[in-house]
Amino acid sequence: MNLMIVRRTLCYLFTLYVLSSIALAQARPLPGPDVQQIYNRLLPQIEKIPIFDHHAHPGFADDPDVDAMAAPPGSAALRERDTNPELIAAAKSLFGYPYDDLSPEHAKWLIQKKAELKKAQGVSYFSSILDKLNIEQSVANRAMMADYLDPKRFVWVFFVDSFLWPFNNEQETERNPDQNVFIPLQEKMFHRWMQQEGVSKLPPDFAGYLSFITRTLEDNQKRGGIAMKFEVAYFRPLHFDDPTREQAEAIYKKHANGGVPVTAEYRTFQDYIFRYLIQEGGRLRLPVHVHSAVGIGDYFNISDSNIMRLENILRDPRYANVTFVMIHGGYPLEREAIWLAAVKNVYMDSSLMEIIMYPSEFKASLKQWLETFPDKITFGTDCFPYNEVLGAEESYWLGVQSARTALAAALAEMISMGEVTEAQALQLAHGYLHDNAVALYPGKVH
Ligand SMILES: [Zn+2]
């Protein structure tokens, strides 16, 4: 081989090397023909990842403690209705349902089967649902824990909204028919906390009220509570101003013994209490979960409850020690919302999103999240006894199946388009389904 040829060969090899490294380094805008194959390879591996369900309401339909509020009628999105044909697949998979429709006659079989299993399995009934879906542990975001949920598998997240409504709520209740349902339930929750703490009436001064709140948080934490939850967007706007303690104290003094606060006064008081609660969440290492999506009912105000209205709180350095979990990821504003997770103590949870959206659509949202802050996203189902056929059991199934398939599809595209390697993709899958959430509760969940 003469020198010329050697040179030419070296030059050619160098060009090849440069081209191939460009091909490896440069992501492509379209997935290749290998995407289905990659998906087929990823899905079984993803199914083997034990899940931590970061947001769920496990329980039976007749259990009033499944949530601190009740669902107003109507407005269920297409996939959440009892007409969803996927529910037949859920019933087959979970209970061996023998029919191919959910006619009232056939549905009786399912109701009967669940009743039998509930009786025979007792405390392991819901644990066996988790086993079937490879969920290792699930949050139980409930008013109170149920004795039929095994505490080894279900960890309590308790509600704190009721501390925002201690006064005469006549005016609040009359605002619309939904508040008519919600506010009395908040009052009921408030009285349960009072009962728990041995408080028979509102403390005479504001300092006493704040210490009642703190005692409740501390006791709930001792009783196994791992986080506090706000569903406050259902009851008032999600923007919180920054009043002084003196302002809040004056309102407390005025109304602790009666009288109906005007809306502006009540909001100011609530702004202060909300901030007090999250500050205590930082001190006690109790992460703060906030409902941040659209809500059910005809009167849920979407512009008032837009997740972006929380931005002043999430980016406030005074709360840098508070872990915030944005439950439902700000849906349907999840594409903007993921940028709130740029703040180091803010996390996004995808619960409800993968139940309302079909996997084809959820895949796109999840992919955008995975491509932005993959270490800040967590999985949840928002399972809930929605109706007779879409129970907590079936909604666990629907959430898990949807998330796993959408995750495998999103990652398969990302691999095929040269965005991540297969090993990195599996790491992201572990993070989303388990590791990212578990890391927020050191020593408390696994
Ligand atoms: Zn929920």
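1. Asp382 is found in the loop between β8 (377-378) and α16 (392-416), where helices (H or I, at least four residues) and strands (E, at least two) are DSSP runs numbered from the N terminus. Although Asp382 is not a glycine, its phi is positive, at about 60°, and at 9% relative accessibility this residue counts as buried (buried means under 20% relative accessible area, exposed over 50% and partly exposed in between, with a 1.4 Å probe and protein chains only).

2. This is a predicted model, in which local features need pLDDT of at least 70 and side-chain atom pairs count only at pLDDT 80 or more, while totals for chains, interfaces and linings use all residues. Residues are numbered from 1 along each chain as its sequence is written, and side-chain values use heavy atoms, with hydrogens and water left out.

3. Asn134, in the loop between α5 (125-133) and β2 (135-141), likewise has a positive phi, of about 55°, without being a glycine; Asn134 is partly exposed, with a relative accessible area of 27%.

4. The peptide bond that joins Tyr331 and Pro332 is cis, with omega about 5°, and Pro332 lies in the loop between β6 (324-327) and α13 (334-337).

5. For the protein as a whole, there are 17 helices and eight strands. Of its 446 residues, 55% count as buried, and residues 24 or more positions apart account for 77% of the contacts with a separation of 6 or more, contact meaning heavy atoms within 4.5 Å. The C-alpha atoms fill a box of roughly 100 × 55 × 40 Å, taken along the principal axes.
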